[in-house]
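Here is a short report on one protein and its ligand. Keep the sequence and the structure at hand while you read.

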Amino acid sequence: MPFLVVNFKTYKQATGQQAVKLAKICEKVAKKTKVHVIIAVQNVDLFRVSSEVSIPVYAEHIDPVSYGANTGKDLPEALVENGAAGVLINHSEDRAELAQIEDDIKRAKGVGLMTIVCAPTSESSESIAVFAPDFIAVEPPELIGGDVSVSKAKPELIAKTVKLVHKVNKEVPVLCGAGIKDHDDVKIAIKLGCEGILVASGVTKAEDPEKALLDLIKGMAKPKTVKRSKR
Ligand code: G3P
(Lines give C-alpha, C1' and ligand atoms only; values in the text may rest on other atoms or scores of the structure.)
Protein backbone atom coordinates (compact mmCIF):
# COMPACT_ATOMS: atom_id res chain seq x y z
CA MET A 1 0.00 0.00 0.00
CA PRO A 2 1.39 3.44 -0.89
CA PHE A 3 2.54 6.09 1.57
CA LEU A 4 0.78 9.33 2.32
CA VAL A 5 3.06 11.78 4.07
CA VAL A 6 1.46 14.89 5.53
CA ASN A 7 3.86 17.73 6.28
CA PHE A 8 2.37 19.98 8.96
CA LYS A 9 5.00 22.72 8.28
CA THR A 10 4.21 25.72 10.53
CA TYR A 11 0.60 26.06 9.50
CA LYS A 12 -1.57 27.45 12.29
CA GLN A 13 -4.03 24.60 11.74
CA ALA A 14 -1.16 22.17 12.43
CA THR A 15 0.62 23.78 15.38
CA GLY A 16 0.47 22.85 19.07
CA GLN A 17 -2.95 21.52 20.16
CA GLN A 18 -4.19 21.89 16.59
CA ALA A 19 -1.35 19.59 15.51
CA VAL A 20 -2.63 16.93 17.91
CA LYS A 21 -6.15 17.32 16.55
CA LEU A 22 -4.96 16.97 12.94
CA ALA A 23 -2.70 14.05 13.85
CA LYS A 24 -5.68 12.21 15.34
CA ILE A 25 -7.61 12.72 12.10
CA CYS A 26 -4.64 11.32 10.15
CA GLU A 27 -4.52 8.35 12.51
CA LYS A 28 -8.26 7.70 12.13
CA VAL A 29 -7.94 7.73 8.33
CA ALA A 30 -4.87 5.46 8.44
CA LYS A 31 -6.74 2.91 10.56
CA LYS A 32 -9.83 3.07 8.39
CA THR A 33 -8.06 2.75 5.03
CA LYS A 34 -4.92 0.78 6.02
CA VAL A 35 -2.83 3.31 4.07
CA HIS A 36 0.57 4.14 5.59
CA VAL A 37 -0.04 7.68 6.76
CA ILE A 38 3.07 9.42 8.08
CA ILE A 39 3.00 12.89 9.58
CA ALA A 40 5.87 15.37 9.87
CA VAL A 41 5.39 17.92 12.64
CA GLN A 42 7.35 20.86 13.99
CA ASN A 43 10.12 19.56 16.22
CA VAL A 44 8.68 21.47 19.17
CA ASP A 45 5.44 19.48 18.75
CA LEU A 46 7.06 16.05 18.48
CA PHE A 47 6.53 14.95 22.06
CA ARG A 48 3.01 16.34 22.32
CA VAL A 49 1.86 14.70 19.07
CA SER A 50 3.72 11.39 19.31
CA SER A 51 2.32 10.86 22.83
CA GLU A 52 -1.22 10.97 21.42
CA VAL A 53 -1.10 8.93 18.19
CA SER A 54 0.23 5.60 17.04
CA ILE A 55 1.02 6.51 13.41
CA PRO A 56 4.67 7.42 12.62
CA VAL A 57 5.51 10.99 13.55
CA TYR A 58 8.53 12.50 11.79
CA ALA A 59 10.55 15.57 12.68
CA GLU A 60 10.76 18.38 10.14
CA HIS A 61 14.47 18.98 10.71
CA ILE A 62 17.59 17.37 12.10
CA ASP A 63 21.07 18.69 12.86
CA PRO A 64 23.96 16.25 12.54
CA VAL A 65 25.42 17.28 15.92
CA SER A 66 26.38 15.18 18.92
CA TYR A 67 25.69 15.65 22.63
CA GLY A 68 27.46 18.75 23.87
CA ALA A 69 27.58 22.48 23.27
CA ASN A 70 25.27 23.05 20.29
CA THR A 71 22.80 25.72 21.30
CA GLY A 72 19.63 25.79 19.23
CA LYS A 73 20.35 22.58 17.33
CA ASP A 74 18.07 19.56 16.95
CA LEU A 75 20.10 16.65 18.29
CA PRO A 76 19.17 13.32 16.62
CA GLU A 77 19.05 11.47 19.96
CA ALA A 78 16.67 14.12 21.34
CA LEU A 79 14.35 13.70 18.36
CA VAL A 80 14.13 9.98 19.10
CA GLU A 81 13.60 10.57 22.82
CA ASN A 82 10.74 12.91 21.95
CA GLY A 83 8.95 10.34 19.82
CA ALA A 84 10.23 10.88 16.28
CA ALA A 85 10.16 7.83 14.03
CA GLY A 86 11.83 9.61 11.15
CA VAL A 87 12.83 12.97 9.75
CA LEU A 88 12.39 15.17 6.68
CA ILE A 89 15.70 16.28 5.24
CA ASN A 90 16.46 19.02 2.70
CA HIS A 91 12.90 20.25 2.36
CA SER A 92 12.59 23.15 -0.06
CA GLU A 93 11.91 25.43 2.90
CA ASP A 94 14.90 24.03 4.82
CA ARG A 95 17.62 23.33 2.27
CA ALA A 96 20.97 21.72 3.07
CA GLU A 97 24.17 21.30 1.04
CA LEU A 98 24.83 17.82 -0.37
CA ALA A 99 27.55 17.16 2.24
CA GLN A 100 25.17 18.04 5.04
CA ILE A 101 22.42 15.88 3.53
CA GLU A 102 24.84 12.97 3.70
CA ASP A 103 25.68 13.76 7.34
CA ASP A 104 21.99 14.19 8.23
CA ILE A 105 21.16 10.79 6.72
CA LYS A 106 24.07 9.09 8.50
CA ARG A 107 23.21 10.58 11.88
CA ALA A 108 19.49 9.85 11.43
CA LYS A 109 20.19 6.23 10.49
CA GLY A 110 22.62 5.93 13.39
CA VAL A 111 19.84 6.62 15.89
CA GLY A 112 17.23 4.58 14.01
CA LEU A 113 15.30 7.41 12.36
CA MET A 114 13.73 6.87 8.94
CA THR A 115 14.69 9.47 6.35
CA ILE A 116 12.61 11.23 3.72
CA VAL A 117 14.95 13.41 1.69
CA CYS A 118 13.40 16.06 -0.52
CA ALA A 119 14.90 17.24 -3.79
CA PRO A 120 13.89 19.95 -6.27
CA THR A 121 14.98 18.14 -9.45
CA SER A 122 15.56 14.66 -10.92
CA GLU A 123 19.30 15.30 -10.99
CA SER A 124 19.51 16.24 -7.32
CA SER A 125 17.33 13.21 -6.51
CA GLU A 126 19.86 11.05 -8.34
CA SER A 127 22.77 12.53 -6.35
CA ILE A 128 20.93 11.96 -3.07
CA ALA A 129 20.02 8.35 -3.96
CA VAL A 130 23.71 7.46 -3.53
CA PHE A 131 23.27 7.98 0.23
CA ALA A 132 20.44 5.40 0.31
CA PRO A 133 17.79 7.32 2.23
CA ASP A 134 14.54 5.50 3.06
CA PHE A 135 12.61 7.74 0.64
CA ILE A 136 13.31 10.48 -1.86
CA ALA A 137 10.57 13.06 -2.43
CA VAL A 138 10.84 15.19 -5.54
CA GLU A 139 9.12 18.57 -5.19
CA PRO A 140 9.48 21.43 -7.69
CA PRO A 141 9.70 24.47 -5.38
CA GLU A 142 7.65 26.76 -7.63
CA LEU A 143 4.59 24.49 -7.31
CA ILE A 144 4.70 24.09 -3.53
CA GLY A 145 1.65 25.54 -1.82
CA GLY A 146 -0.08 26.27 -5.11
CA ASP A 147 -3.14 24.88 -6.83
CA VAL A 148 -1.42 23.17 -9.76
CA SER A 149 0.03 19.80 -8.87
CA VAL A 150 3.41 18.39 -9.83
CA SER A 151 1.53 15.42 -11.30
CA LYS A 152 -0.38 17.58 -13.76
CA ALA A 153 2.24 20.27 -14.42
CA LYS A 154 5.39 18.13 -14.53
CA PRO A 155 4.62 14.46 -15.06
CA GLU A 156 7.89 14.09 -16.97
CA LEU A 157 9.83 15.24 -13.90
CA ILE A 158 8.26 12.45 -11.83
CA ALA A 159 8.96 9.78 -14.44
CA LYS A 160 12.55 10.96 -14.90
CA THR A 161 13.16 11.06 -11.15
CA VAL A 162 11.90 7.49 -10.68
CA LYS A 163 14.15 6.38 -13.53
CA LEU A 164 17.30 8.16 -12.31
CA VAL A 165 16.87 7.21 -8.65
CA HIS A 166 16.27 3.56 -9.50
CA LYS A 167 19.30 3.55 -11.77
CA VAL A 168 21.36 4.39 -8.68
CA ASN A 169 19.44 2.34 -6.14
CA LYS A 170 16.35 0.28 -6.93
CA GLU A 171 15.50 0.00 -3.24
CA VAL A 172 14.79 3.69 -2.71
CA PRO A 173 11.08 4.48 -3.04
CA VAL A 174 10.26 7.77 -4.75
CA LEU A 175 7.53 10.11 -3.52
CA CYS A 176 6.44 13.35 -5.11
CA GLY A 177 4.84 16.49 -3.80
CA ALA A 178 3.85 20.10 -4.52
CA GLY A 179 0.33 21.28 -5.15
CA ILE A 180 -1.21 17.84 -4.67
CA LYS A 181 -4.86 18.35 -3.93
CA ASP A 182 -6.99 15.41 -5.04
CA HIS A 183 -7.19 11.74 -6.02
CA ASP A 184 -6.38 12.49 -9.66
CA ASP A 185 -3.04 14.01 -8.68
CA VAL A 186 -2.26 10.94 -6.58
CA LYS A 187 -3.36 8.51 -9.27
CA ILE A 188 -1.03 10.11 -11.83
CA ALA A 189 1.90 10.06 -9.37
CA ILE A 190 1.42 6.37 -8.60
CA LYS A 191 1.02 5.53 -12.27
CA LEU A 192 4.34 7.27 -12.98
CA GLY A 193 6.11 5.03 -10.46
CA CYS A 194 5.82 6.87 -7.16
CA GLU A 195 5.20 4.88 -4.03
CA GLY A 196 3.31 7.69 -2.40
CA ILE A 197 2.97 11.42 -2.03
CA LEU A 198 4.04 14.27 0.21
CA VAL A 199 1.30 16.81 0.85
CA ALA A 200 0.84 19.85 3.06
CA SER A 201 -1.65 22.60 2.26
CA GLY A 202 -4.14 20.23 0.58
CA VAL A 203 -4.70 18.72 4.03
CA THR A 204 -3.62 21.28 6.61
CA LYS A 205 -5.64 24.08 5.01
CA ALA A 206 -8.62 21.97 3.98
CA GLU A 207 -11.98 22.87 5.51
CA ASP A 208 -12.45 19.18 6.24
CA PRO A 209 -9.02 17.47 6.49
CA GLU A 210 -10.56 14.01 6.93
CA LYS A 211 -12.48 14.38 3.69
CA ALA A 212 -9.36 15.69 1.94
CA LEU A 213 -7.29 12.72 3.13
CA LEU A 214 -9.93 10.21 2.09
CA ASP A 215 -10.13 11.81 -1.33
CA LEU A 216 -6.35 11.63 -1.80
CA ILE A 217 -6.41 7.97 -0.78
CA LYS A 218 -9.05 7.25 -3.42
CA GLY A 219 -6.26 7.85 -5.94
CA MET A 220 -4.27 5.01 -4.40
CA ALA A 221 -6.90 2.35 -4.92
CA LYS A 222 -5.56 -0.60 -6.84
CA PRO A 223 -7.35 -1.22 -10.14
CA LYS A 224 -9.95 -3.95 -9.78
CA THR A 225 -9.03 -7.26 -11.40
CA VAL A 226 -11.33 -8.06 -14.26
CA LYS A 227 -12.65 -11.61 -14.21
CA ARG A 228 -12.40 -13.35 -17.54
CA SER A 229 -15.65 -14.79 -18.77
CA LYS A 230 -15.60 -18.52 -19.43
CA ARG A 231 -16.12 -19.46 -23.01
O1 G3P B 1 6.32 18.89 2.02
C2 G3P B 1 5.20 18.98 1.22
C3 G3P B 1 5.16 20.21 0.48
O4 G3P B 1 6.27 20.95 0.32
C5 G3P B 1 4.12 20.34 -0.53
O6 G3P B 1 3.34 21.38 -0.07
O7 G3P B 1 1.31 22.65 0.18
O8 G3P B 1 2.15 22.04 -2.07
O9 G3P B 1 1.19 20.28 -0.61
P10 G3P B 1 1.92 21.60 -0.69
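The report goes from the overall fold to the ligand site, and then to a few residues in loops and a helix.

## Overall fold

This is a predicted model. The protein has 231 residues. Ten helices and eight strands make up its secondary structure elements. Its C-alpha atoms fill a box of roughly 75 × 40 × 35 Å along the principal axes. The radius of gyration is 17 Å, which agrees with the value near 17 Å for a compact globule of 231 residues.

Buried residues account for 49% of the chain. Take the contacts with a separation of 6 or more: 65% of them join residues 24 or more positions apart. The protein exposes about 11,500 Å². Carbon and sulfur atoms supply 53% of that area.

## The ligand site

Which residues are around the ligand? They are N7, K9, H91, E139, I144, G145, A178, G179, L198, V199, A200 and S201. By class, this shell divides into five nonpolar, five polar and two charged residues.

How much of the ligand does the protein cover? On its own, the ligand has 300 Å² of accessible area, and the protein covers 100% of it.

## Two positive phi angles

K34 is not a glycine, yet its phi is positive, at about 65°. K34 sits in the loop between α1 (17-33) and β2 (36-41). Is K34 buried or exposed? Its relative accessible area is 63%, so K34 is exposed, the cut-off being over 50%.

A178 also has a positive phi without being a glycine, here near 115°. Its loop runs between β7 (174-177) and α8 (183-191). A178 is buried, because its relative accessible area is 6% and the cut-off is under 20%. A178 is also one of the residues around the ligand.

## L143 beside A178

L143 belongs to the loop between β6 (135-138) and α6 (150-153). With a relative accessible area of 13%, L143 is buried. How far apart are L143 and A178 in sequence and in space? They are 35 residues apart in sequence, and their C-alpha atoms are 5.3 Å apart.

Set aside the neighbours within four places in sequence. L143 then contacts V148, S149, V150, A153, K154, A178 and G179.

## S151 in helix α6

S151 lies in helix α6. Its relative accessibility is 1%, so S151 counts as buried. What does its side chain meet? A polar atom of the S151 side chain lies 2.8 Å from the backbone oxygen of D185.

D185 is also in the contact list of S151. Beyond the neighbours within four places in sequence, that list reads I158, I180, D185, I188 and A189.

Methods. Residues numbered from 1 in each chain as written. Predicted model: local features only at pLDDT ≥ 70, side-chain atom pairs only at ≥ 80, totals over all residues. Heavy atoms only, no water. Near = heavy atom within 4 Å. Areas by Shrake-Rupley, 256 points an atom, 1.4 Å probe, with all protein chains shown as cover. Nonpolar A, V, L, I, M, F, W, Y, C, P; charged D, E, K, R; others polar. Helix = DSSP H or I, 4+ residues; strand = E, 2+ residues; numbered from the N terminus. Rg over C-alpha atoms; globule rule 2.2 N^0.38 Å. Buried < 20%, exposed > 50% of the residue type's maximum accessible area, 1.4 Å probe, protein only. Contact = heavy atoms within 4.5 Å. Polar contact = N/O pair within 3.5 Å; in protein donor to acceptor, adjacent residues only side chain to side chain.
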